[in-house]
Amino acid sequence: MAEDDAENAFFQAQAMNVGSMDDNNGAKDQDENASDSDDYDPSSTLQGQYPGPSEEPNSGENTSPDTPTSVSQPKPQTSLPQDADPSQQTGSAYPSQPPSRPESQTSTSVPASGTSVQPKTRTIGGFVVEDEDEDDTGDADYEPPAVLGVEDLNTIPSHPTPGNANEATSTPDVSFGEAAHESASAKNVPNSSLSSVPLAFKNDGSMNTDQNLYNSRTSLQPETAQGSAAVTPTPDSPSTVKGRLPHDRVGILEDRIQEDPRGDIPAWLELINEHRGRNRIDSARDVYERFLQVFPLSAEAWVAYATMESELNELFRLEQIFNRTLLTIPAVQLWTVYLDYVRRRNPLSTDTTGQARRIISSAYDLALQHIGMDKDSGSIWSDYIQFIRSGPGNVGGSGWQDQQKMDLLRKGYQRAICVPMQVVNTLWKEYDQFEMGLNKLTGRKFLQEQSPSYMTARSSYTELQNFTRDLIRTTFPRLPPVPGSDGDVEFLQQIEIWKRWISWEKGDPLVLREDDLAAYKTRVAYVYKQALMALRFLPEIWFEAADFCFLNDMETEGNDFLKNGIDANPESCLLAFKRADRLEITSESEQDPIKRGTKVREPYDRLLDSLYDLIAKARTRETQDVARLEETFKSNPDTPPVRNDDDDDDDDQREIKTKESVKNSQIEAVRNAHSIQIGILSKTVSFAWIALMRAMRRIQGKGKPGEIPGSRQVFADARKKGRITSDVYIASALIEYHCYKDPAATKIFERGAKLFPDDENFALEYLKHLIDINDVINARAVFEMTVRKLASNPDNVHKTKPIFAFLHEYESRYGDLVQVINLETRMRELFPDDPTLEQFAYRFATPNFDPTTFRPIISPSQTRPKTGYPGAQVTSRHGTPTSRPQDHSVTHSPKRPLEDFDDDISRPRKFVRGESPLKTTQRRQLDQQKRTQPTLQVPTSGSQYRSQGSPAPLPRDIVYLLSVIPAASTYTAGRFSADKMVDLIRRLDMPASISQIPLPQSARGLGTGQTTIGGQQFSGAYR
């Protein structure tokens, strides 16, 4: 007891010495700072900041009997935050207390799990109140789940421990009713949502990773820069409602977050650090929860959140973070924090039963199952191998523990060397030493079996690292910058790298598709998840991930991708349409069309709500911008120049009108810019209604009043909601005509013609519909009415061009020539720049062929080939212009270029030398080109065939030979006449056999018989 009294006296003296640095213990300060940032006044934070030392005895009174024992441990301040008050070590505030009070101070020691804890008392408003049973148990009595599993997600205690339950709390300045209410609210918070339990970023290295991407606010389009309706329920900017003082950091940051929750990530981080710096832990937790609702896949935020709770010794909250994130966010750094926590809670130094080692081993197995395939998971694999090595038993021993350790090591090494990661070479060397150290004979066998997997993993990691060198693996997603704005090029580069990685994984570089199809699918899905952490606001990646899952029989994963993608991008038509299609296909077994239609309509309704919210915000932003411009011109009037007495008042009036015109022009420019954005949003809304209309037509038909809604009810809802274009009327009318042949189609067109009289697209579709139903008279009447109305305004004359073109095509094919000529005359008057030839030729042309432009080949002279070979013109030594062909086979040869010489005298002599190393390659290329060239078929002299088209060009070598041989005029000797030789041979009478050869004159008359052949007599002896 003497030691306890001495320690209490020491802490009281220490509190009095540092009393001027204590934080917010007065009742006045509680009342002023208990509100949130909306009522936050920075000028009041300095009034009651320093508590008096008179409140310290209360802390001593409320300390449990066990507290002095825990305080007597050496270095009790090590587990406290740096800005914590040492006098508060024996107490702890409830999590639901005002954030200005010191919160969640960690205990200085943890009692053993078997120690019985006496019931603690606390003083609230002067009353001594005993804690409830669940508040009596401390962190030492609470045993966390050993290894996080699927069953742990659904098995969470119904009553979380508020704050550190093993600490007594002193709250002498809080009224009993308020404290009881807050305590009850803290106990009734559901553990799954943790709506009142948010946390804060610490200024550590984990929070600075790749934050250079978000060091400035990017200027984006209004419709993409705003959050969903759930995050920002009111479009009004808080900064325009209430002004903030320059030193009101919390209020300014809250305004920035409310105005741009998805785009202003630096405001979130600064606000969390601001609360952490002021030791407002509950406020920091609240900001954390709000941040993670917008960015639920931000692993860096979850890591910082878990690190803060670990530093505060809030172990129950830390485990809730693990339950919410580990199985859904495959992040190496998050699993590293979890493994550190498991090893912290299960020390091996005091493990006599082996239970702690089994728990840690199970935790490693679970971690490697989820993130062991990551290219950055080498540290976890190395730690796992070292953990196995530190187990009981000796490698190479003969005992059962030795054999078990050897099997675990071999299995761990064989799993690790198949993963393409940085440490794969190191692990292979260790595995080689391990196997060869046991038995060289069996070691070579194992190494030979695992060598192909290792070589594949090593080469795959090298290839992967080459094209992901510039990849920034941040988990703080960024809204896609508008093309032409700041950061658009860098963002596109990151998208390209991620897509290359995904395509690389789909290419199966590890050869898993045939041997282990499940592992192949898991790897591809894992890369998609990694990409979506950084590209959360890119719907195309969500769509591709879901589509891959659907094509590979991963229905659950595909639906999860679509749901999470819609949560991240509620205004994406791509994801909403894909989700609706899946629901429509998978609900074919549903017999009730009303239930099926309700299920399919859910994605469309959510999409339409998000788009209408964007339109409302755009309208509000337009009003704010116009008001800001008017306020600027009103508050900054131009200083009138000094005028002479004889200046007229007209100059003043002129300057006033000039200033007014400048203001009006700027306001008009702002309105035009916003109207373009709103117009695009309205167009998107219209096509969303059209998609819903077509889906309901497939499921419910056109509907029946009071029974089935159908497509007609969707059309009615769209008209009632407003902000639609003429496309909705066109789609509804065409559905009625093509699907049901209902005359209501014409009525819808008539109604739309009154609502959209200046819409040329609607008028064109109306004309086509009237032509389809063969109502030509009304079609011509609608044409005249629409053209006359549009042409009356010079700005709308260009809109009449497609309408004229359609009716001109119809009249040219099925109308009278007089009508066609009249149309062409009117078109020349309205469009004088269009050539008359095109208007005339348009009568007879089709999209595939125009007969007026056809030019037939009448004479072969039209197809005569060009005499020169395309190339540089050179002059031969005989004065004949020739063309030297370019040898493409040696264009890129490293040899010196071929030089031109006019005569043989200046040409250098050639000496015999060895063949060049490139000669064989060049010859092979030249032979290949010759083989690919078509062979010329020269017709025989007796052939009557004459080519009417363009003859085939001569081979390149022959053209070159003809260009370099001497001209015919250089030969002066006797010339050989080929024509005469051929004529001589043709006139000769050649005998058909040897018997027809005439005998010499001396041989005539010999023999008995003579035969006259060809007018000459031959002896029969010579037959």
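At roughly what angle do the axes of helix α31 and helix α33 cross? The answer is given in the second legend, and every view is drawn from a predicted model.

**View 1. Helix α13 and its surroundings.** Helix α13 spans residues 299-311, and its 13 residues reach 18 Å from the first C-alpha to the last, close to the 18 Å expected at 1.5 Å a residue. Eleven of the 13 residues are buried, so α13 is largely enclosed by the rest of the structure. The buried set comprises Ala299, Glu300, Ala301, Trp302, Val303, Ala304, Tyr305, Ala306, Thr307, Met308 and Glu309. These buried residues pack against four helices: α11 (265-277), α12 (281-294), α14 (315-325) and α15 (332-345). Just after α13, Asn313 adopts a positive phi of about 65°.

**View 2. Crossing of helices α31 and α33.** The axes of α31 (residues 760-772) and α33 (residues 801-814) come within 9 Å and cross at roughly 15°. Because angles under 35 degrees count as roughly parallel, α31 and α33 are therefore roughly parallel to each other. Their crossing is right-handed.

**View 3. Residues in the contact of α31 with α33.** From α31, the contact is made by Glu760, Ala763, Leu764, Leu767, Lys768 and Ile771. From α33, Pro802, Ile803, Phe806 and Tyr810 take part. The residues of this contact divide into eight nonpolar, no polar and two charged. An α-helix has 3.6 residues a turn, so residues three or four places apart point the same way.

Technical notes. Residues numbered from 1 in each chain as written. Predicted model: local features only at pLDDT ≥ 70, side-chain atom pairs only at ≥ 80, totals over all residues. Heavy atoms only, no water. Helix = DSSP H or I, 4+ residues; strand = E, 2+ residues; numbered from the N terminus. Expected span 1.5 Å × (residues − 1). Buried < 20%, exposed > 50% of the residue type's maximum accessible area, 1.4 Å probe, protein only. Contact = heavy atoms within 4.5 Å. Axes fitted to C-alpha atoms, helices over the stretch in contact; angles between N-to-C directions. Parallel < 35°, antiparallel > 145°, perpendicular 65-115°, else oblique. Left-handed = near helix turned anticlockwise from the far one by under 90°. Nonpolar A, V, L, I, M, F, W, Y, C, P; charged D, E, K, R; others polar.
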